[in-house]
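Hi there,

I promised to pass this one on to you before our next chat. Have a look at it first, and then read on for what I found.

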Amino acid sequence: MKNPLDSLGQTITLGVVLTVVVVLLIHAIA
Amino acid sequence: MEFVSFDWWQFFIRWCHILCGVMWIGHLWYFNFTQTPTMPKIPAELRPGVSKYILPEALFWFRWGAMGTIVFGLILAWMNGYLGSAIKLGIGDGSLHNTTIGFGMWLGTIMWFNVWFIIWPGQKKNLGIVQATPDEVKKATRTAGLASRVNTMLSIPMLYCMAGVHVY
């Protein structure tokens with residue numbers, strides 16, 4: 001299976017998804 | 001005198017933190033958005049121009065930009081009085097601000113670690129600064145490339161936290 005990080009587009013998509021996860025975590029913790 | 005007040009020094013350290021951060025993330029994005037995708041399109045005889053001249057120089061500003069960013073960032077967090085709280089992600093402090101900056105700090109710290117302990121050691125083998133077999137060079141270059149992509153991915157939520165902290 002190809003590593004998604006080999007694709008710049010998928011790297012950015014993962015970064016945006018991770019941002020949403022981080023925002024949810026911040027609001028869950030604080 | 002306002003010029004030498006504590007507030008001014010807080011601003012000065014923040015300014016240094018941002019200058020180094022732009023130097024660091026600017027080079028990270030140059031590697032990932034420009035250099036890496038373009039290299040396969042460059043004629044083989046011209047590639048040493050990038051790998052022997054541009055890459056070593058870019059890596060110098062990249063890694064020292066990362067070092068300056070974390071040093072000034074830690075000083076700034078200490079001056080602002082939230083270093084301890086941010087390190088523990090503001091847990092138990094009920095501060096959305098400290099939790100947000102804490103996530104940003106930890107993401108930035110993971111990225112700094114990747115630069116100094118994965119990407120740079122790998123690139124030293126790639127550039128021939130450290131002796132390695134062709135197999136070791138191939139493996140180290142691949143690992144450094146993936147760590148660079150991980151940092152590009154992490155830079156998106158990291159910058160959200162760094163810039164967004166002023167909303168909370």
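Let's begin with Ile54(B), which counts as exposed because its C-beta atom has 12 C-beta neighbours inside 10 Å. (A residue is buried with 20 or more other C-beta atoms within 10 Å of its own, exposed with 12 or fewer, and partly exposed in between, with C-beta atoms placed from the backbone.) Ile54(B) sits in helix α2 of chain B. (Helices are DSSP runs of H or I with at least four residues, strands are runs of E with at least two, and both are numbered from the N terminus.) From Ile54(B) to Ile75(B) you move 21 residues in sequence and 32 Å in space, C-alpha to C-alpha.

A word on how to read all this: this is a predicted model, in which local features need pLDDT of at least 70 and side-chain atom pairs count only at pLDDT 80 or more, while totals for chains, interfaces and linings use all residues. Residues are numbered from 1 along each chain as its sequence is written, and chains are lettered from A and ligands numbered from 1 in the order in which they are written.

Back in helix α2 of chain B you will also find Phe72(B). Is Phe72(B) buried or exposed? It is buried, because 20 other C-beta atoms lie within 10 Å. Apart from its neighbours within four places in sequence, Phe72(B) is in contact with Ile13(B), Cys16(B), His17(B) and Cys20(B). (Contact between two residues means that their C-beta atoms, placed from the backbone, lie within 7 Å.) Leu19(B) is 53 residues away from Phe72(B) along the chain, yet their C-alpha atoms are separated by 10.0 Å.

Now for the core. The largest nonpolar core holds 35 residues, and those with the most contacts inside it are Trp24(B), Ile101(B), Phe103(B), Leu107(B), Met158(B) and Cys161(B). (A nonpolar core is a set of buried Ala, Val, Leu, Ile, Met, Phe, Trp, Tyr and Cys residues joined through C-beta atoms within 7 Å.) Both chains take part: α1 (8–29) of chain A supplies at least two residues of this core, and so does each of α1 (6–38), α2 (47–79), α4 (96–127) and α5 (134–164) of chain B. The most comes from α5(B), with 9 residues. As for Trp24(B), beyond its neighbours within four places in sequence, it is in contact with Phe62(B), Gly65(B), Ala66(B) and Thr69(B).

How do the helices of chain B pack? The axes of α4(B) and α5(B) are 8 Å apart, at an angle of about 160°. That makes these two helices, α4(B) and α5(B), roughly antiparallel. (Axes are lines fitted to C-alpha atoms, for helices over the stretch in contact, and angles run from 0 to 180 degrees between N-to-C directions; under 35 degrees is roughly parallel, over 145 roughly antiparallel, 65 to 115 roughly perpendicular, and the rest oblique.) In another pair, α2(B) and α4(B) cross at roughly 155°, with axes that come within 10 Å. So α2(B) and α4(B) are also roughly antiparallel to each other. Their contact includes Pro56(B) and Leu59(B) from α2(B), and Trp112(B), Trp116(B) and Trp120(B) from α4(B).

Chain A has 1 helix and 0 strands. Its C-alpha trace spans about 35 × 15 × 5 Å along its principal axes, and of its 30 residues, 13% count as buried. Where the chains meet, 13 residues come from chain A and 22 from chain B. On the chain B side, α1, α4 and α5 each supply at least two residues, and α5(B) has the largest share, with 10 residues. The axes of α1(A) and α5(B) come within 8 Å and cross at roughly 40°. Among the residues that meet there are Leu14(A), Leu18(A) and Val22(A) in α1(A), and Met153(B), Ile156(B) and Tyr160(B) in α5(B).

For background, most residues other than glycine have a negative phi. Leu89(B) counts as buried because 20 other C-beta atoms lie within 10 Å.

Enjoy exploring!
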